[in-house]
Amino acid sequence: MGAKGQAQKGRWRDQWWVIGLLVLVIGVAVRLGFRGWSAWPEALVGGVFYAGFLTWFLMRRRRQDAKAVGTEPDRVPELERRIAKNGELPDDPAEQEAMVRLIRRREEKLRLGVIFLGMPLLWFTSGDVPAGLWTLGFGVAFMSWMIWFNRRFVRRMVAMRQRIEGVGGVGGVGGVGGVGGIEGVGGRA
């Protein structure tokens with residue numbers, strides 16, 4: 001099955017209401033698990049609030065990603081799935097450029113996670129040791145999670161970018177040195 005069939009297969013999961021419903025169910029279940037069945041009104045109100053907020057946040061992020069990479073917001077999840085599955089390269093050069101831009105954007109976001117480890121230094125130098133320890137603990141926990149969770153995705157992003165750009169002796173898609181026009185996306189990595 002080609003990329004078009006895969007895109008059609010996964011579309012319902014990318015809708016805003018599916019994301020909101022998933023967050024709602026998980027939020028209510030967690031609150032009921034910690035507070036018991038007697039707290040169901042509070043769990044429902046809190047779940048609706050967090051579901052609305054996270055749905056808005058994720059859809060906003062999707063629109064920003066789409067604008068930054070030059071595609072439609074509905075295409076971002078499909079491009080991410082193709083990268084995560086190390087799938088086939090898009091035939092359209094414009095879509096290849098969008099995929100490279102999305103990969104570079106994700107790599108940049110991952111590098112920004114280092115800030116969580118640099119923040120404790122500011123607290124320690126200002127003399128607030130407890131705040132420094134808390135932010136250090138949070139930073140270590142956050143970075144450990146990011147490394148664990150994103151290890152495979154990062155490898156696949158790099159492999160997909162190399163396949164598109166023809167970096168590392170893999171060979172280009174549209175010629176000797178890579179795909180025409182990709183160099184203008186932000187230079188070679």
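**Charge pairs and packing**

Reply: Arg161 and Glu165 are 4 residues apart in helix H7 (residues 129-165), which means that about one helical turn separates them. Helices here are DSSP runs of H or I with at least four residues, strands are runs of E with at least two, and both are numbered from the N terminus. This is a predicted model, where local features need pLDDT of at least 70 and side-chain atom pairs count only at pLDDT 80 or more, while totals for chains, interfaces and linings use all residues. Residues are numbered from 1 along each chain as its sequence is written, and side-chain values use heavy atoms, with hydrogens and water left out.

Me: How far apart are the closest N and O atoms of Arg161 and Glu165?

Reply: The closest N and O are 3.7 Å apart, and the pair forms a salt bridge. The cut-off for a salt bridge is a side-chain nitrogen of Lys or Arg within 4 Å of a carboxyl oxygen of Asp or Glu.

Me: Is Arg161 buried or exposed, and what about Glu165?

Reply: Arg161 and Glu165 are both buried. Buried is under 20% relative accessible area, exposed is over 50%, and partly exposed is in between (1.4 Å probe, protein chains only).

Me: How many salt bridges does the structure hold?

Reply: The count is 13. Arg61, Asp65, Glu80, Arg105 and Arg106 are linked in a network of them.

Me: OK, take Asp65. Which side chains meet it in a salt bridge?

Reply: One is Arg61, at 3.7 Å from N to O. Asp65 and Arg61 are about one helical turn apart because 4 residues separate them in helix H3. Arg105 also meets Asp65, at 2.4 Å from N to O. Arg105 belongs to helix H5 (residues 93-112) and Asp65 to helix H3, so this pair ties together parts 40 residues apart in sequence.

Me: Switching to packing. At what angle do H3 and H4 pack?

Reply: About 80 degrees, with the axes of H3 and H4 (residues 75-84) 9 Å apart. That makes the two helices roughly perpendicular. Axes are lines fitted to C-alpha atoms, for helices over the stretch in contact, and angles run from 0 to 180 degrees between N-to-C directions. Under 35 degrees counts as roughly parallel, over 145 as roughly antiparallel, 65 to 115 as roughly perpendicular, and the rest as oblique.

Me: Which residues in H3 and H4 meet?

Reply: From H3, Arg61, Arg62, Asp65 and Ala66; from H4, Val76, Pro77 and Glu80. Contact is taken as heavy atoms within 4.5 Å.

Me: Back along the chain. Where is Trp16, and what is it in contact with?

Reply: Trp16 is in helix H2 (residues 16-35). Apart from neighbours within four places in sequence, Trp16 contacts Thr55 and Met59. Trp16 and Met59 are 43 residues apart in sequence, with a C-alpha to C-alpha distance of 7.0 Å. Trp16 is exposed, at 55% relative accessible area.

Me: Where does Arg13 lie?

Reply: In the loop between helix H1 (3-10) and H2. Arg13 is partly exposed at 40% relative accessibility. Its C-alpha is 9.4 Å from that of Pro77, 64 residues away along the chain.

Me: Which residues make the nonpolar surface patch?

Reply: Phe49, Tyr50, Phe53, Leu54, Trp56, Phe57 and Leu58, with about 680 Å² between them. Patch residues have over 30% relative accessible area and no salt bridge; like charges are joined within 9 Å, nonpolar side chains (Val, Leu, Ile, Met, Phe, Trp, Tyr) within 5 Å. Areas come from the Shrake-Rupley method with a 1.4 Å probe, and for residues only the protein chains shown count as cover. Leu54 is in helix H3 (residues 40-69) and is partly exposed at 33%.

Me: Last one: how many helices and strands in the protein?

Reply: 7 helices and 0 strands. Buried residues are 31% of the 189.
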